[in-house]
Structures are given as structure tokens and as C-alpha cells.
Amino acid sequence: MAVERLSVFSSSQPVTGEQIRNAFLEFFQDRGHLVLPSASLVPQDPTVLLTIAGMLPFKPIFLGQEKPPAPRATTSQKCIRTNDIENVGHTARHHTFFEMLGNFSFGDYFKKEAIQWAWELSTDVYRLDPKNLVVSIFREDDESEEIWRDLVGVEPSRIIRMDEADNFWSAGPTGPCGPCSEIYYDFKPELLNEPINLEDDTRFIEFYNLVFMQYNRDIDGVLQPLDKCNIDTGMGLERMAQILQKVPNNYETDLIFPLVKTAASIAKVDYLQLDKKGQISLKVIGDHSRAVTQLICDGVTANNLGRGYVLRRLLRRMVRHGRSLGICRPFLVDMGEAAIKLMKVAYPQLSERHDLILQELEREEARFLTTLERGEKLLVDVLQSKPKEITGNQAFELYDTYGFPIELTQEIAQENGLSVDLEAFEKAMEAQRQRAKAATVSIDLTLQDSIDKITTSIANTDFLGYEALETKSQVQALFVKGKSVLQAVDGDIIQLVLDSTSFYGEGGGQIGDRGVVVHDQCVVQIDAVVRNKGVFVHMGHIKEGVLNVGDVVEVHVDRVARARARINHTSTHLLQSALKQIIDPNISQAGSLVNFDRLRFDFHSPYPVKSVEINQIETLINQWIVEAHALSTQEMSIEDAKSAGAIAMFGEKYGDQVRVVDVPGISMELCGGTHVGNTAEIGAFKIVSEVGIAAGVRRIEAVAGPAILDYLQERDVVVKELSERFKVKPTEIVERVLSLQEEIKAKNKDLAQALQELAVAKAAALVGKVQNIASSQLLVERLDAIEGDALQIVAQDLVVQLGENAAVVFGGLPDETNQNKVIFVAAFGSDIISSGLEAGKFIGRIAKLCGGGGGGRANLAQAGGREAKALNQALDFARRELAESLATS
């Protein structure tokens with residue numbers, strides 16, 4: 001729907017955010033562009049979580065899947081990006097929520113008009129002095145340089161050629177692409193004679209990006225000219241506001257600063273009087289307030305998956321930064337009110353959904369405060385055991401089970417003079433990320449483009465696979481390397497569309513069938529089948545012969561693979577029912593995968609499933625299998641299915657008529673997948689693992705039917721090998737392992753004692769290297785092959801030996817074969833601390849020189865690093881810094 005004619009802005013220079021936005025849209029409206037409203041932050045594109053760019057709503061048009069609403073369009077698009085969330089508040093221009101002003105041409109005008117209008121808008125409307133402007137172009141784009149130089153009149157010295165990484169845009173590995181040209185604002189134009197480095201963000205800011213979409217890159221990386229070239233531009237509203245309002249960063253513009261002031265008022269602080277850390281916290285709250293308000297307005301609710309997790313993370317970051325400012329009461333509703341008031345003119349839907357937005361903010365903040373309380377209690381229990389550090393597993397449990405941010409764990413640990421094993425935490429997090437990404441697939445945009453195009457001209461595939469695994473069909477379309485062809489030959493990797501098929505297309509968590517398609521002497525191996533808008537696309541390769549569009553073929557589904565998939569899919573239904581009976585009737589599905597070898601089921605639960613509960617679930621499912629329950633499937637209206645109590649499958653969209661799979665008295669679900677006729681066909685069921693994959697989301701992996709034999713055989717081999725190695729019976733393996741662990745523990749204790757004695761001996765030999773600085777004593781040396789605990793004891797002993805006026809710093813490699821782990825320890829006497837030096841703060845700075853960090857108490861601290869090659873330089877720096885500080889104290 002187009003936006004009505006915009007009111008004419010005054011002839012004076014636009015300054016406010018609203019004036020800048022309206023000026024842009026009116027400028028292009030006057031040049032024949034259709035003004036469109038901002039699309040939702042929840043995109044229609046299933047490959048993208050959130051709207052991350054101004055062009056995203058037009059992606060189907062650029063890919064040729066949809067017709068444009070007009071040859072030219074202009075928008076102010078709201079966007080969300082969280083890939084650089086840690087930079088928010090720290091830099092002048094990073095945000096989560098931002099507005100992208102854009103003008104677009106769909107096969108209409110191209111470079112000449114786009115460049116001239118961009119310059120006219122910048123210099124005539126926004127009245128930027130040309131002396132302050134620099135443009136960049138792609139290194140091979142001579143055409144753009146000529147337009148900038150000869151038609152616009154930009155000085156050649158102010159036209160900078162850039163490489164592909166900076167000035168060549170692409171939609172992905174394949175698909176539309178082309179060179180870019182950008183306009184930068186120069187805050188220091190007086191430096192005329194100095195070389196222009198556009199990466200110097202203290203001098204330059206990019207505010208307008210012009211993308212010239214003139215090629216299509218195929219799967220071989222070859223660039224083919226597009227029949228119709230397109231224009232996609234983007235101007236950051238916040239960046240232009242910074243320039244025109246003459247403020248040092250985007251946060252101090254009228255688009256965000258009112259929210260910063262609101263947060264400061266709640267915290268009872270003055271933004272201008274705060275230190276850098278406090279200002280960063282206010283900026284984060286101001287930035288995130290816009291993001292969370294807009295996300296909730298567009299229908300996102302806080303949870304532990306996808307865009308819901310993005311919202312939850314932003315909300316919790318706001319609370320955490322509020323706490324660091326001393327805000328001890330709920331305040332997100334106040335920030336939501338302020339954000340709605342600030343943005344409601346541009347986005348009137350914020351007023352319409354005012355109550356809903358505030359309710360979600362209040363509910364999620366209350367939930368997180370409860371989480372904080374539970375997590376803090378658990379941390380208290382950990383701290384009462386007086387550990388040397390908080391382990392990675394403990395930190396991960398706090399995060400995974402309680403949603404407790406690692407930053408809070410670090411803060412509380414540091415307050416108690418402890419460190420957190422971040423390396424072990426990151427390993428646990430990486431394992432979790434890998435589990436969460438296990439079902440991710442890459443998208444070939446060229447192929448997707450081709451498939452999407454044919455769905456409008458080819459009728460939906462008739463699926464016959466419920467009744468038969470072998471059928472006859474006719475070839476409707478063939479693709480080789482993503483391109484439509486009439487014929488494919490031996491060796492070609494193809495995508496095949498038939499008018500009917502017995503092959504199940506991936507959906508509802510179940511992977512597609514495999515098998516063969518045969519025509520005369522031609523044999524096509526089918527490795528996977530996907531569905532796209534009702535059309536089944538068979539992926540495979542021609543083993544022998546020739547295949548043509550129009551050929552009548554025989555379809556043969558792999559019976560063994562299908563049988564395994566049916567067993568695993570029905571088992572997934574039984575698993576969900578068992579979880580509801582044994583764990584919680586309110587458990588809901590968060591995802592699933594049914595393949596030929598095993599099944600996977602993700603579900604929402606704040607707590608891990610206990611071992612005894614795992615056994616109960618297995619027993620119940622196997623009982624249902626032995627009881628031989630017959631399954632029934634029937635088509636019915638969606639209303640009748642819901643009335644009957646059928647459960648909807650995660651991620652599926654349903655029409656008016658649905659298919660219901662019923663295991664009477666046990667399970668009833670809406671499902672288009674393939675299933676056994678009777679639970680007895682499953683044979684047996686075994687849970688392999690239960691893990692957390694995200695905060696509040698658990699995953700169970702299991703095997704069923706013939707796959708159990710494979711699973712048991714693998715473990716039988718392991719058990720036999722362990723029995724032979726330990727010279728014990730299989731039933732005695734556990735006892736033998738426990739015995740060995742005790743032996744190792746005792747030997748490690750002896751070894752630690754020996755290493756500590758060695759460390760003391762090494763340190764004693766260093767006493768002669770103590771420097772007398774003024775009235776203080778300084779020792780900074782390298783000690784390798786000593787672990788952190790021993791190094792701390794040695795440093796403390798030396799301070800006691802040398803006196804309270806001593807400062808001791810050690811650095812070294814605990815394992816000289818591992819060049820990626822460096823340890824630093826600092827121990828300061830009370831006189832040193834009285835002079836204003838603290839071990840924790842000092843050693844943290846030194847560790848950064850080796851790519852690490854850390855800290856601790858004022859008198860004793862430990863830090864770590866990853867770059868051994870910088871160790872000696874770091875120690876030299878520490879020696880100089882301490883010597884200078886002690887000499888002047």
C-alpha cells in the first residue's frame with residue numbers, strides 16, 4: 001500500500017530525524033518513486049530471521065519471483081541487526097535497531113540517475129558542503145568514476161577505488177550482485193594533503209550506499225549480465241542525523257538521546273557527568289529500547305528460539321545495564337512508554353499496540369528478575385564452597401538452565417575475587433551452537449530462484465507415496481547446475497520435477513525419500529527430495545543414459561529407507577506423548593528431525609530430564625510398542641482436528657483440510673509424514689542422549705527399530721575393547737575406571753606438590769633480581785611450566801618474604817608445548833595498594849597485550865592470554881609501568 005503525498009518540508013535545511021526522513025521520501029516521490037510504508041521486522045523471507053536491510057522486502061522482486069508494485073519505489077525501512085551487539089554503545093554508529101532510507105529501481109533507471117540524484121539530495125536538500133564529501137567506487141567500475149567525475153564534478157582525488165570486500169554487493173554465494181558506490185562525510189576536510197583512508201572512522205562516516213545490481217552469479221561463480229539492471233540504495237537515518245545535528249555520535253541525536261535521558265533520569269544520574277562505562281550503559285538501554293518496542297509491535301514475543309530469543313536477549317541486556325547504573329526497580333515499561341512516544345508519529349502502529357507492548361515488557365522483565373534471583377542463589381552456593389574459580393561447566397549451567405548471562409557471572413565472580421573459566425564455558429557454548437545448527441541447510445539462490453519461478457507455471461505434484469512406493473510419472477522439468485534444460489545426460493547432477501511421485505518431500509521434520517527413477521536405459525539416483533510450494537523437487541544424478549522433459553518414468557522409492565523413516569516418525573509422536581505424561585503435560589515441541597538412522601526431538605523445558613525420567617520414558621514407549629496399537633490417518637477440517645485435540649507440528653503451515661495421525665488413546669497430531677501401520681512395527685525404542693541446545697530448550701536423540709541393533713553393536717565393540725584393555729569383566733569396567741580415577745587423582749596431587757616445590761625453588765633463585773624503586777621492591781619475571789595456582793602461592797610467598805612494599809608479577813607458559821595459553825599472576829603488598837595500584841586491574845591490562853584478560857583482588861590476581869609470542873614484551877611493559885608508577889608514588 002502506497003503512502004499518501006508527503007507534506008512539503010520547509011526550504012530550510014532538514015535537521016531533525018523526522019525532517020531528514022520526510023525530505024528523503026519526498027525527494028524521490030517527486031522523481032516518480034512510489035512511497036511505500038516500512039515492512040515488518042518479521043520478514044516473509046524464510047531464510048532470514050529478521051529484516052536486516054532496506055532491500056530485504058524487495059528481494060523476491062530482485063530475484064524475479066514477484067512483479068514490482070511500480071518501476072521505482074522509496075521507503076524508510078526499520079531494520080534489526082544483532083551480529084555486532086557487543087559494539088552497541090561502544091562505537092559512535094553501531095545499533096541494533098536502525099532506519100534505512102532507500103530508493104529502488106526495478107529495471108528502470110540505473111547508474112547515471114542514481115548517482116546524480118544521490119549527490120543532489122546530499123548537497124541541495126541536506127545542504128552538505130561538497131568539500132566534506134568523498135565517494136568510493138569498485139576498483140573495476142570505470143563507468144561510475146566517469147559519472148562522478150565528469151557529470152557530477154567530484155574532484156578525482158576525492159574518488160577512491162575500493163576492493164570487492166568493500167564495494168561489491170551480492171545476495172549470497174549465488175544470485176544478483178554488482179558493484180557499489182558510497183558517499184562518505186569528511187569531518188576533517190582541512191586535511192586536504194593527507195592520504196584519504198576511508199577506514200578512519202574518526203574522520204569519515206559512510207552515509208549513503210548505492211548498489212548497482214547488474215550481474216547474476218551462478219553456482220560456478222561466473223558473472224552473467226542481467227537483462228534488466230536494478231538499483232538498491234541505503235542511507236542510514238541515524239548517521240545523517242549525526243552529521244546534520246553536529247553531534248559526536250548517533251546516540252546523541254534526537255532519534256535516540258531522549259531515551260538515553262529517560263534512562264538517566266530513572267537511574268538518577270547525569271549522562272554528561274558519567275564515566276565512559278556509565279555512558280555506554282545508558283546508550284545500550286536507549287538503543288535497545290527502540291529495538292524491543294518495535295519487535296513486540298511486529299508480533300515477536302520473548303522466548304528461547306529464533307527472533308524470540310533475540311528479543312529476550314535485548315531485554316535482558318537492558319536489565320543488566322540498568323543494574324550496573326544502580327537501577328534496582330523494574331524500569332522497562334518506562335522505557336517502552338518513552339520509545340512509543342518518540343517513534344509513534346513515524347510508526348502509528350506503536351500507539352495502536354501500546355498496551356500489548358508494555359504488557360510484554362513488564363512480563364519478561366519480571367520473569368528475568370526471578371531468573372536473576374535463582375541464578376544468584378545458585379552462585380552463592382557455588383561461592384560458599386570457596387572454589388579457586390568458577391568452572392566453565394558451572395557458568396554454562398547458569399546460562400543454559402537459568403538463562404543467567406555470562407557477563408553477570410563474571411561480574412559477581414570478580415566481586416568475590418574469582419575468575420571464570422571462559423575457555424571451558426566457550427567450549428560448552430560452541431557444542432551447544434553446533435547442536436542448534438545441526439538442522440541448518442544452505443540455500444542456493446540461483447536454484448531457489450529457478451524453482452520459485454516454475455511453481456507458478458506447473459501444477460502441484462500429486463503425492464502418491466502414502467499408498468504406493470512404485471509409480472509411473474512424467475518429467476515436467478529438469479535443472480542442471482540450477483538452469484532449466486530439456487535434456488540431461490549421464491553424470492549430470494540434476495533437479496527433477498515430476499507430475500506425480502511416491503517420493504516423500506522433506507517436511508514436518510522428516511527428510512525426503514531416496515531411491516531411483518528409471519526410463520528405458522536411463523537410471524537416475526535420487527538422494528533427496530524437497531518441497532517448494534507444492535512442487536516436489538527430486539535431487540540426484542544420472543547414473544547412466546539420457547533423460548528428457550516429457551519422458552514417462554518409473555519411480556522406485558528405497559523401501560528399507562522409507563521403513564526406517566516411518567518407524568522413526570511414529571516414534572517421535574510417541575516420544576512427545578511420553579514427555580507430556582511423565583515430565584509435564586504443557587511441554588511443547590521446538591523442532592524435530594526424522595531421518596533414516598535416528599530421530600531428534602527438541603522441546604521447551606527449563607530443566608534437564610533426569611536419568612530416572614529417561615528410563616520411565618523409554619519403558620512407557622516400549623510398552624506402547626509391545627501393545628501393538630493400530631494407527632489411523634484421516635483427512636478432516638482444521639477446526640474438527642483442533643476440536644478432537646490434535647497437536648500441530650512445529651513449523652508447519654496448515655490449510656483448511658489437514659491430515660491427522662492418530663494412535664488411539666496415546667497420540668493425535670496433525671502430520672503429513674509417513675508412519676507405521678501399527679506400533680509393533682517399531683520393534684524397540686532407545687534414547688541415546690538428552691542435552692540442552694539453548695536456554696530453556698532441550699533435545700532428545702533416539703534410535704528405533706533396526707537402528708537399535710547398529711547402536712548396540714557399536715557399544716558392544718567398545719565394551720569388549722575396554723574389557724580386554726583393563727583385563728576385567730564387562731560388569732567390572734565402571735569399578736575399574738573409578739579406581740583408576742582415584743589413582744590419577746592421588747598422583748596429580750603428588751605432582752602438584754612437586755611442581756609447587758619446584759616453583760618455590762625457581763622463585764627463590766629470582767630474589768636477586770628484585771629492583772629497588774624508591775621505597776618499594778619490584779620483581780617482574782617469566783616462569784614457565786608452572787600452573788596458575790602454584791604461581792599464585794609463589795607470588796604471595798615472595799611478597800611475605802620481601803615485605804608489604806613489594807610488587808611481584810609473573811608470566812609464563814604453564815605448558816611449553818601449548819603456545820596458545822599464557823598465565824599472568826600479580827601479588828601486591830599493602831603499601832603498594834595504598835599507593836593506588838591494584839593487582840586485579842593492573843594484570844588485566846597486561847594480559848590484553850597477549851590477547852586475553854582477567855583480574856581479581858587488589859592484593860592478588862590472575863589473568864590469561866592466547867598469544868605466547870607477545871609474552872616477553874608484555875612483561876617488559878609491566879616492568880616499565882610498575883617502575884614508573886612506584887617511582888612517582
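## Aromatic pairs

The structure, a predicted model, holds 18 aromatic pairs. One of them joins Tyr 185 and Phe 187. Phe 187, at 31% relative accessible area, is partly exposed.

## Phe 257 and Tyr 271

A further edge-to-face pair is made by Phe 257 and Tyr 271. The distance between the centres is 5.3 Å. The planes stand at 80 degrees, and an angle over 60 counts as edge-to-face, so the pair of Phe 257 and Tyr 271 is assigned to that class.

Phe 257 is partly exposed at 21% relative accessibility, whereas Tyr 271 is buried at 6% relative accessible area. The limit for buried is under 20%, so Phe 257 at 21% falls in the partly exposed class.

## Aromatic cluster

Six residues form one aromatic cluster: Phe 24, Phe 27, Phe 28, Tyr 109, Trp 117 and Tyr 208. Phe 27, a member of this cluster, also has Arg 31 over its face, at 3.6 Å from the ring centre.

## Arginine over tyrosine

Arg 531 is placed over the face of Tyr 504. The distance to the ring centre is 5.1 Å.

Technical notes. Residues numbered from 1 in each chain as written. Predicted model: local features only at pLDDT ≥ 70, side-chain atom pairs only at ≥ 80, totals over all residues. Heavy atoms only, no water. Phe/Tyr/Trp six-rings, centres within 6.5 Å; stacked < 30°, edge-to-face > 60°. Buried < 20%, exposed > 50% of the residue type's maximum accessible area, 1.4 Å probe, protein only. Lys NZ or Arg CZ within 6 Å of the ring centre and 35° of its normal.
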